[in-house]
Amino acid sequence: MSAIFQPVLNFGTFLWGLLGAFLVGLLGPDLAPYALYAVKTLLLIVCIVAPLMICMAYLTLLERKVIGWMQVRQGPNRVGYGWLQPIADGIKLLMKEVIIPAGANKFLFVLAPVMAMMPALAAWAVIPFGPEMVLANIDAGLLYVMAITSMGVYGVIIAGWASNSKYAFLGALRSAAQIVSYEIAMGFALVGVLMAAQSLNLVEIVQGQSGTYGALNWFFIPLFPFFLIYLIAGVAETNRAPFDVAEGESEIVAGFHVEYSGMTFAVFFLAEYISMILVATLCSIMFLGGWLSPFPASWPLVGFGGFHWLFAKVFFVLILFIWFRATFPRYRYDQIMRLGWKVFIPITIVWILVLGAWMQTPLWVWWK
């Protein structure tokens, strides 16, 4: 494989050197390294965002096809035999008129989708796709992800308030209360990951799950309650069924984004699906070994890690998201609040104590 891609790598190295020489001639030897670093960062951002947008678009197609298969029907099969359906949907939304209600706060009305999308994209800056494949390998990566993703609730609240609609405002309040409630349980689950890995760095968290026994070294075994709670809380965080009370069509039409249309409406769904992929990726990194192989390292062909393993694990978790939507009925709002506050939070607190005691005994074998 390296021999096949070597000419491409050589050509890329040549172009990069040519760009460096051009910037030195244009800006001088003092400023050229900073300009080259900025260009490199922008290229890396494009290399993350562009595939992410493609994956998000075709995740909508995957969801519709999988739910169609579960319900014994075809799903999309007309536009390019279904494969061009996400592109057709995007073109349709681009051509639709963006209508802003007369009584709405226009600035906040337009700002809300941006506030929903920004945290979902910004969190990817510290997500490692491999040992060296990460945009910003910061020591407090886990803390950064928790901080930046918690800002998504502002987009929901602003959208509901700026629309000047009682339905939208009610949906925003319900959604915000749900997000805040499940963020607490999710945060306690991540405390367990921090304790097991002894690090906030996402690369080191994955490397802490490496070992000679493959999947038996992953954190989902000692942290199984945290794994389940993080997965379910991630479903609630993204307002997915059965936690989609904010978008209960039979109750409050479409929730906080009922007054949105066109691309402003589409951006909320972009944020939702990108957040789904983010939760699935974090779940794979923190509990399922990230890019590590599930087989022992001594096994030929399948024992080495790589991006393909991370992709397979993210795909598996996303299938669970879709399966939940096709299977479970929507919970009542009081059931959702009781599950978050009276079930998940006590379980996480108790398991943190159990984990702390377990780690002080010789029975704890999940050290690197």
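Author: A helix here is a DSSP run of H or I that is at least four residues long, and helices are numbered from the N terminus. With that in hand, the loop between α9 (224-237) and α10 (249-252) can be located, and P242 is found in it. The model is a predicted one. In it, the peptide bond that leads from A241 to P242 is cis, and its omega is near 5°.

N164 sits in the loop between α6 (152-162) and α7. N164 is not a glycine, yet its phi is positive, at about 60°. Its relative accessible area is 54%, so N164 is exposed. Q198 belongs to the loop between α7 and α8 (202-207). Q198 also has a positive phi of about 60° without being a glycine. With a relative accessible area of 52%, Q198 is exposed.

Setting aside neighbours within four places in sequence, E183 is in contact with T149, S150 and E237. Y230 is 47 residues away from E183 in sequence, and their C-alpha atoms are 9.3 Å apart in space.

The largest nonpolar core has 94 residues, and Y230 is listed with W124, L202, M286 and F287 as the members that touch the most other members. Helix α11 gives the most to this core, 16 residues. As a general point, nonpolar side chains tend to be buried together in soluble globular proteins.

T348 is found in helix α13, residues 333-358. The relative accessible area of T348 is 0%, so T348 is buried. With neighbours within four places in sequence left out, its contacts are A185, F188, A189, F226 and I229.

Helix α3 runs over residues 85-95, and its buried residues are Q85, P86 and L93. Around the axis these residues cover an arc of only 100°, which means that they are on the same side of α3. The general rule behind such patterns is that an α-helix has 3.6 residues a turn, so residues three or four places apart point the same way. The face turned away from the buried side of α3 carries L94 and M95, which are exposed. The buried residues of α3 pack against two helices, α2 (32-70) and α11 (262-287).

These helices return in the largest pocket: α2, α3, α11 and α12 (307-327) each supply at least two residues of its lining. The volume of this pocket is about 940 Å³. Its lining has 34 residues, and T60, R64, D89, F269 and Y273 are those that lie nearest the centre. Sorted by class, the lining holds 18 nonpolar residues, five polar ones and eleven charged ones.

Among the residues nearest the centre of the pocket is T60, which lies in helix α2. T60 has 18% relative accessibility and so counts as buried. Beyond its neighbours within four places in sequence, T60 is in contact with P86 and Y273. P86 is one of the buried residues of α3, while Y273 is also listed as nearest the pocket centre. T60 and F269 are 209 residues apart along the chain, and 9.8 Å separates their C-alpha atoms.

A last pair can be set against that one. T327 lies in helix α12. T327 has a relative accessible area of 44%, so it is partly exposed. T327 and A123 are 204 residues apart along the chain, and their C-alpha atoms are separated by 30 Å.

Key
Residues are numbered from 1 along each chain as its sequence is written. This is a predicted model: local features need pLDDT of at least 70, side-chain atom pairs count only at pLDDT 80 or more; totals for chains, interfaces and linings use all residues. Side-chain values use heavy atoms; hydrogens and water are left out. Buried means under 20% relative accessible area, exposed over 50%, partly exposed in between (1.4 Å probe, protein chains only). The arc is that of the directions from the helix axis to the C-beta atoms. Contact means heavy atoms within 4.5 Å. On a 1 Å grid over the protein atoms alone, a cavity is a set of points where a 1.4 Å probe fits but cannot get out, and a pocket is an open set with protein on both sides within 12 Å along at least five of seven lines; lining residues have an atom within 4 Å of a point. Grid points are joined across faces, edges and corners, and a volume is the space filled by probe spheres set on the points. Ala, Val, Leu, Ile, Met, Phe, Trp, Tyr, Cys and Pro count as nonpolar, Asp, Glu, Lys and Arg as charged, and the others, Gly among them, as polar. A nonpolar core is a set of buried Ala, Val, Leu, Ile, Met, Phe, Trp, Tyr and Cys residues joined through side-chain atoms within 4.5 Å.
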